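Please have the structure open while I talk, and I will go through a few of its features in turn.

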Amino acid sequence: MAQEKTLTGRVTDTQGEPMPGVTITIKGTTSGTISNMDGVYSLPDVADQTVLTYSFIGMKTQEIAIEGKTRIDVTMHPNVIGLEEVVAVGYGSLKKADVTGSVNRMMSEDFNQGPVTNPLQQLQGRMTGVNISQAGSDPNQAPTIRIRGINSLAGGNDPLVVVDGVQGGTELLETLSPADIASFDILKDASSSAIYGSRGAAGVVLVTTRNGKAGKMHLEVNSVSSLETVAGKPDLMNATQWREYIGKSEISTSDYGSDTDWFDEITRNGHILNNNIAITGGTNQLNYRASLSYISQEGILLESGSDKLTGSLKVHQKNLNGRLQTTLHINVNATKADFVATDDYNDINTALVAAYQRRPVEPVQNDDGSWFYDSGIWGYVNPVALLNETRNQGDLDSYFGSIKTEYSVWEELKLGVFASKRKNNSTYGYYQPSYLFGTNGYTFQGFAQKSETSLNEELLDLSINYKKSMNNHRIALTGVYEWQQTTNEGFKAIGRGFISDINGYNNLGNGNIGNVQSGDISSFKNESTLISFLARLNYGYRDKYLLTMNIRHDGSSKLGNNNKWGTFPSASVAWRISQEPFLSSSAVVDDLKLRLGYGETGNQGGLVPYQSVRLLASQGSTLFNGQSTTLYGTSQNENENLKWEVKKMVNIGLDFHLLKNRLMGSIDYYNGNTDNMLYEYAVPVPPFYTNTLWANIGEMSNKGIELSLDYLPVKTENTTWSVGFNVSRNQNKIKSLNGTLNGNELSTDMVPYGYADGRAVSFLKVGEPVGIFYVYKHAGVDNEGNEILADLNKDGSVTIDNRSPDRYNAGNPQPDFTYGINTSFSHKNFDAMLVFTGSQGNDIYNGTWSRLNRLGEIGILNMVPEAVDNGFKVMSDFSDFWIQDGSFFRLSNLTLGYNLPLKSEAISRLRLSFSANNLFVITGYKGTDPEIQSDGATGFGIDDFNLYPRSRSFAFGVNLTLK
């Protein structure tokens, strides 16, 4: 029998200092002890054959066999967390310690929890320089992601998304199940993203999905059920307040005797159901993972929602003793969507607008059950009727498949082939019945539209990789040839005048042929091709001097004949200072790395095919030989010199791990400049055929600083507490919108960019950030209720036009900085996580409030209560009175979890959780929610009049793994 004895010892660090709190366990069991304040420990009754495990956060875990010893003293060595972790960098991977650019990584165990319906929601508020905003809680609206601000006006600000090598836009993320994602890697600076050339100008989001695991097949089941409630509602007059003002003002109007809260009438409690099941298993030669996800979302607005079914299969196989490796990945998605009902399919007279404006004294329905309408009010829309009677639906089907094969010619040399294909088909149907008063359906006795769009994308990569280590030198070379072709096509048809509403949009032929208008029937198809050659060099000397160089040569069919090709280089270096002798034995510094990089990336993402050539389009018709003949004329000017928009960026960064890895973080400064900025500029006619032209004229800059910190205040055997903080500041400025083309001056210094109620309030102005609010200054209200605007140039009158000298820069929709705070806590089987997000210094033009302050219209519309005190009846134009601070601080996510202790032969894990999203928001903004930023390419920071309301959700989840 094994002899048992008492074992003692002392644990110290590399400086000989005692280490309290080190966990010493008997391998294969949960029995053990913890070292005391002097680093001393004692274990009674241990056998000679026992192996002990010594572990401490930030230190390398050690296993030591007793082998007859009665005392074992141990020296713990630093293990810099994550530095051995493999980070995706595009067309390959690197150890985190070897990364020289600005790259953020997040693993699935750190994702935001709860009723997640889009993968980006898992990252919100967690990464520096990565702004993810969700404007409202529309089930069919994805979050917006911006990496280091707005870098282009028309070239595209969406980052490239790469899912296991398959490339696409942010729409690619919508086809994934959040449960299938293993990690995100974000390439932020140009020296990192330049490896993707033209497609990486706005940053790159690399997504790695979960792989299969060798071993016995096991089953994973995850289910989350969530209740959604309206988080904020508009402060409008109720029936009592409305009647009180009408009575005092002696306004002639109708009072129908009701007390209706129209916003409550169009909203409801929503529900999200998120179920995922996955099977994984296999051998060392072949493993697999198959999953099926179903996400059903019933929106908080009536008749809005979506049902999404996603299936994924990933298989990895090794042949020829591991020299030949092949990965197959197939992902399919089918979504049925109920969109928010609008009028005329284009957001005119939406239900939200009508709910804001309807008087509280009107009923929803008449006594006979029919919908109430006030025929005396032009354009009257009953929002509840609009939502219930209009059908605005879509079927979205997509798939992508990829196969990757890599062959090791010998240990240092690998050849690879990657091929992928993806396809998205979207069918939309819209119908408004003839009895829906105040809408196109009523005007045309039934209004229907049906459309279909399709995207096909094929990609082929041929790669070669060479790695070699020689003494203190490490070198890695990568070469890639890439071909990509994209085809878009679709059609649209409109029908009017239906004898019956029974078929809806499914039988357009039942419409009255005499009601057909120009443009009712249309179709399109376009193709574009992108061909690229790239090379990369990674070099390391003694693991402390690191170099990365990239060069990519891209050719795009979208650009002019004279400039289809562009070359985009980048280089970055890093110095691991902690590897130097003067820091190698530091008790404070565990790892310290200084990074410096420069890169250039091209951009043509915002262009559609054929924008460099002259196009013809129908220009009406005329009689020729007694017959009607269609006339054609130039609809687009050609520009054979249309070329790449180029972003150049310098980045300097510092990564650090301190205090035995209890404090970790990074700080980055970047300065980027976008040259040859793509935009549709105004041109004279003649010599041009039409008055606009796509050209490369402007220039824009972005510079900023980012800070990320993670601190571990508590780490014991049973308890862990961590705190994370990140803050990002970006300063954007338009440097030029002027230039010459073919000897013609293209000159403008101010362009309308965003509108409120049809009037320009946001502009592109040279020397200012994108989208500044260039408006009039409020100077009071006269006795007649007219707003008084200040005569800023003192010429005796106020000029009303877009270039008025009486306008001034009254606010910036872009924030001074954004930030996120997260903290997680675990004790034995219990865990908790909180995520806070915030924005500071951004302004919002609250056009909603300006619309609801016009007392001159209170006889037919509702108002906000403050309208009485403000006293506006007529507004000449929009002023700074309506600009409000959009800063906010939000508790975005709270998650509580408990892992049930099990002794089961069938169940290896059972976790119960509770999550709450958007529990509170602190803000001075008077609208329903301050987070209203749109895509930044069409104006942003302008009210929430048409914005889907934001919800507050409460979710319960179950995670089950079967052996």
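This is a predicted model: local features need pLDDT of at least 70, side-chain atom pairs count only at pLDDT 80 or more; totals for chains, interfaces and linings use all residues.

Let me begin with lysine 27 and glutamate 63, whose side chains meet in a salt bridge at 3.2 Å from N to O, a salt bridge being a side-chain nitrogen of Lys or Arg within 4 Å of a carboxyl oxygen of Asp or Glu. Lysine 27 sits in the loop between strand S2 (23–26) and strand S3 (32–34), while glutamate 63 belongs to strand S6 (residues 62–65), so the pair ties together parts that are 36 residues apart in sequence. Helices (H or I, at least four residues) and strands (E, at least two) are DSSP runs, numbered from the N terminus.

Residues are numbered from 1 along each chain as its sequence is written, and side-chain values use heavy atoms, with hydrogens and water left out.

How many salt bridges does a search of the whole structure find? The search gives 40, and another of them joins the side chains of lysine 648 and aspartate 675, at 3.4 Å from N to O. Because lysine 648 lies in strand S32 (residues 645–658) and aspartate 675 in strand S33 (residues 663–682), this pair ties together parts that are 27 residues apart in sequence. Lysine 648 is partly exposed, with a relative accessible area of 31%, whereas aspartate 675, at 19%, counts as buried; buried means under 20% relative accessible area, exposed over 50%, and partly exposed in between, with a 1.4 Å probe and protein chains only.

A further salt bridge, between the side chains of lysine 248 and glutamate 244, also has 3.4 Å from N to O. These two are four residues apart in helix H2 (residues 239–249), and are therefore separated by about one helical turn. Lysine 248 is exposed at 65% relative accessibility, and glutamate 244 is partly exposed at 44%.

Turning to strands, there is an open sheet of five, in the order S10-S15-S16-S13-S14 and with mixed pairing, where two strands pair if DSSP finds at least two bridges between them. Strand S10 (103–107) and strand S14 (166–168) stand at the edges with a single partner strand each, so one side of each is left without a neighbour in the sheet. Strand S13 (residues 160–163) and S14 run antiparallel and are joined by three bridges, and valine 161 stands opposite glycine 168 in S14.
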